[in-house]
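Here is a short report on how the parts of one protein chain meet. Look over the sequence and the model first.

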Amino acid sequence: MFRRSLAVFSALAVAAFTFAGCAQPTPEETTTPEGPNTEQIVIDTTFDIATIDPGREYEPTGQIVVKALYDTLLSFADDDTTKVVPDLAGYVANDDLTEYTFSLVGERLFSDGTPLTADDVVFSLNRMIGMKGNPSFLLDGVTIEKVDDQTIKMTTEEPSPALPAVLATPSAGILNSKVVKENGGTTDETDGAEKYLNANSAGSGPYVLESLDVASSAVLVKNEKYNGPQDPTYDKVILRNVEPATQKMNVERGDAQIAMGLSGDQVAALDKTVNVASTPSATVVFLFLNQNPEINEWTAKPECVAAVKKALDYDSLLELAGLGASQATGVIPSGFLGALPKEEALKFDLAAGTKGAEDCGMAGQTIKLGFPNDIDPAGTSLTTVAQRVQQQLATAGIVVELAPAPFATEIDAYRDGKAHMGLWYWNPDYMDPANYLAFGPGQKVGLRAGWTAEMNAPIGEKVAAGYTTGDLDARKTLFEEWGRAMNAESPFIPLIQPGSNVAHQASVTNVYYNPTWLINVAGLGAA
């Protein structure tokens, strides 16, 4: 028997946050007798973007852009991320959550006027799987097939309670299959459409791409063929890669209408005409020690990992994050099902950390710490955090050599599992705690730390159960148990859950923070 499942994740996702502010309007947005000027909006942020090919993109700035260009089968309400809602389709699921049937809603059009059909859905999602790019794991084990031109069926061997949340992510955006195929698109690793998709739109979303420079800016303009449920306000959206200090000046003087990367200190110093809401973000800043002895014999020792966990002064690190931040209690951030309470966070014990480093042989050894030095996730400077980590571990006798690099360079060493020790951050890919199982042994992020499945079978068993357990109470207990085991035995050290500080001018309304795509530019309004 099938049952309606549009709200199956209502208790699993984090809440969205509404931001309101007041500032002097820019000349472009001065209200006239005919109403506000909506020709363009400028959003300053710090870029972490490698591609805007939906089947490949996996970074936060890329999510903002892809969300605007491509519709997905399902979505979340802008102002309530506890609700899965239809976008291109509604769905029903069987009782054990192994079969989902999606029915397309109306006749939606791609930006070239072509009607979107089930063939486009099947091609897009199978392409995402078959290319084996960064987000392909999201649909591992999912079989996708066409029923008719308006209906798609997805099946899994095991219960898949996270599937609706996965299908709401920008990476699951639906492409114009005819156009993509004409430009090298396939559903396997021979796909060659990325270059085309980084310069052109092939979606049905509210905006189309005008230009993209992954180092500096993305410019989007309204999709004149868009016939979906959203009602985009601004004719043009300009996203700019701007360091936080300049973001602050720009939003104060009206050169930008939104600033998304301000630190707590910068927020405190903002002109009083700019309002800012500071809330916990879903970002987790974490440290990891590589478990592959061929990379580093000291970081690979569990006793040395335990020593580092004890040697870090978490309260001191938290001071660097500023307003709205909290110590990360585990890899699952507060606000998600299964997040650990504050009292279960890792604790600082310098004496134990110092003794542990001596006993495991790590004391006096030089460990390289890799991190991106041009990224400030949620306004937190990774460079500053790395410097303090270096100082704190030196106190325990552990010598850390800082090895920073730009994001575009360091991301490869991180993904390839080459870093001795790494300082990175994680934004949720979809709004369900199963997203964080990627940190488990043998999983995507676990392998980046050289942590293979056989290194910790008990935690691996909890990972497997986390992917398939559907009962809400059972999931909560399971994820809490998994979080405790991760804190005790994994090579990951959760440090900070930064605050989300979003500043905007009074001329912009409906600014909602979303942990997956950060901001929905099509939902922005004008006063």
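The sections below cover the domains, the area between them and the contacts across it.

## Two domains

This is a predicted model. The protein chain splits into two domains. Domain 1 is made of two stretches, 40-279 and 501-526. Domain 2 covers 284-497. The C-alpha centres of domain 1 and domain 2 are 28 Å apart. Domain 1 brings 34 residues to the contact, and domain 2 brings 26 residues.

## The buried area

The size of an interface is often expressed as the accessible area lost when the parts come together. Between domain 1 and domain 2, about 2,300 Å² is buried. Carbon and sulfur atoms give 60% of that area.

Which residues of domain 1 lose the most area to domain 2? They are Y58, P161 and P515. Together these three account for 19% of what the domain 1 side buries.

## Links across the interface

The interface of domain 1 and domain 2 holds 1 salt bridge. It also holds 3 residue pairs in polar contact, with both residues at pLDDT 80 or more.

R415 and E59 form a salt bridge. Their closest N and O atoms are 2.2 Å apart.

## The domain 1 side

Conventions
Residues numbered from 1 in each chain as written. Predicted model: local features only at pLDDT ≥ 70, side-chain atom pairs only at ≥ 80, totals over all residues. Heavy atoms only, no water. Domains from an automatic or database assignment. Contact = heavy atoms within 4.5 Å. Buried area = accessible area lost by both parts, 1.4 Å probe. Salt bridge = Lys/Arg side-chain N within 4 Å of Asp/Glu carboxyl O. Polar contact = N/O pair within 3.5 Å; in protein donor to acceptor, adjacent residues only side chain to side chain.
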